[in-house]
Amino acid sequence: MSIQWYPGHMVKARRQIQADLKLIDVVVELADARIPQSSRNPDFAEIHHKPTVLAITKEDLADPKCTGLWMDFWRKKKERVVVLNVPSGRGISQLKNMIKTAVPNLRRPPRVLVVGVPNVGKSSLINRLVGRGSAKTGAKPGVTRGKQWINAGGFRLLDTPGILWPKFEEQETARKLAVVNAIRDEVVDVQELAHWLLGYLTENYWLAVSERYNLSSPANDLLQEIGKARGCLLPGGVINTEQAAALVLNDFRTGKLGRITLELPEEGN
Ligand SMILES: Nc1nc2c(ncn2[C@@H]2O[C@H](COP(=O)(O)OP(=O)(O)OP(=O)(O)O)[C@@H](O)[C@H]2O)c(=O)[nH]1
Ligand SMILES: [Mg+2]
């Protein structure tokens, strides 16, 4: 399977972001706590040199131990970083302070650009910062299509569409992005994706998987087993592994498998 997803609206959004950067004081770059490295756009670091705050979203879905390791890693690199649970508001006031300290001498409300991969929580974060539902949000990638300025709470915020990059150097990066639903399921092989995820979970979170699906031992054909256990059947009693795959991905995305992180910091990252 080779995953690519770089539709026209992202090409346009990238160009627009580049143009808007001239007006911006601070960049808030969002990354997903479950894939803190793979959800950072390598393309993006090249197009600007503005003060940046790295905001790690979906902390509530990630493994707290791993998030701690990532925080140590970034702090060593002297990155300004904050961990957020956007729906609950955890970390929001810390983020506000970090934005202000990133531009200490500014005498007007900072102009803040919010960027990140699709579905990482940009619009939800903006709504949290302004205290009302000004930006459209949704549990699927590609909700925001055009840029939008929002004024409130002492900031001027620019919401942008989620963007990916034209070519994934490693397909594993693409897989991780697809697992957290930053890439649409329509452009990936859902069964292969679930199979890959189950491989990772078997190695790193076997207890959670075995408990959720009543499995006694790791096996190569876990999708079959899960389909059987969950009654995902086609006419004639054939197991519907497509349906089982969708179920596993949905369980992961909604936290039903517990708090899981898919990558750890490495030397040289
Ligand atoms: N559990 C959890 N869910 C979150 C968090 N932040 C955002 N979400 C959910 O993630 C989904 C996507 O949020 P959006 O704010 O629409 O994401 P976006 O980055 O604007 O997405 P695009 O506009 O599609 O690029 C929504 O269902 C949010 O409720 C978080 O910290 N924890
Ligand atoms: Mg959005």
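The axes of helix H6 (residues 171-179) and helix H7 (residues 190-204) come within 10 Å and cross at roughly 95°, with axes fitted as lines to C-alpha atoms, for helices over the stretch in contact, and angles running from 0 to 180 degrees between N-to-C directions. H6 and H7 are therefore roughly perpendicular to each other, a term that covers angles of 65 to 115 degrees. The model is predicted: local features need pLDDT of at least 70 and side-chain atom pairs count only at pLDDT 80 or more, whereas totals for chains, interfaces and linings use all residues. Residues are numbered from 1 along each chain as its sequence is written, while chains are lettered from A and ligands numbered from 1 in the order in which they are written.

**Contact of H6 with H7**
- Arg-175, Ala-178 and Val-179 of H6 meet Leu-193, Trp-196 and Leu-197 of H7; residues are in contact if their C-beta atoms, placed from the backbone, lie within 7 Å.
- The residues of this contact comprise 5 nonpolar, no polar and 1 charged, where Ala, Val, Leu, Ile, Met, Phe, Trp, Tyr, Cys and Pro count as nonpolar, Asp, Glu, Lys and Arg as charged, and the others, Gly among them, as polar.

**Overall fold**
- The chain has 10 helices and 6 strands, which are DSSP runs numbered from the N terminus (helices H or I, at least four residues; strands E, at least two).
- The radius of gyration is 19 Å, close to the 18 Å that the globule rule gives for 269 residues, so the chain is as compact as a globular protein of that length; the radius is taken over C-alpha atoms, and the rule is 2.2 Å times the number of residues to the power 0.38.
- Of the 269 residues, 38% count as buried, meaning that 20 or more other C-beta atoms lie within 10 Å of the residue's own, with C-beta atoms placed from the backbone; 12 or fewer make a residue exposed, and counts in between partly exposed.

**Positive phi in loops**
- Lys-58, in the loop between strand E2 (52-57) and helix H3 (64-76), has a positive phi near 60° and is buried, with 25 C-beta neighbours inside 10 Å.
- Asn-214, in the loop between helix H8 (206-213) and helix H9 (222-230), has a positive phi near 55° and is exposed, with 10 other C-beta atoms within 10 Å.

Methods:
Parallel < 35°, antiparallel > 145°, perpendicular 65-115°, else oblique. Contact = placed C-beta atoms within 7 Å.
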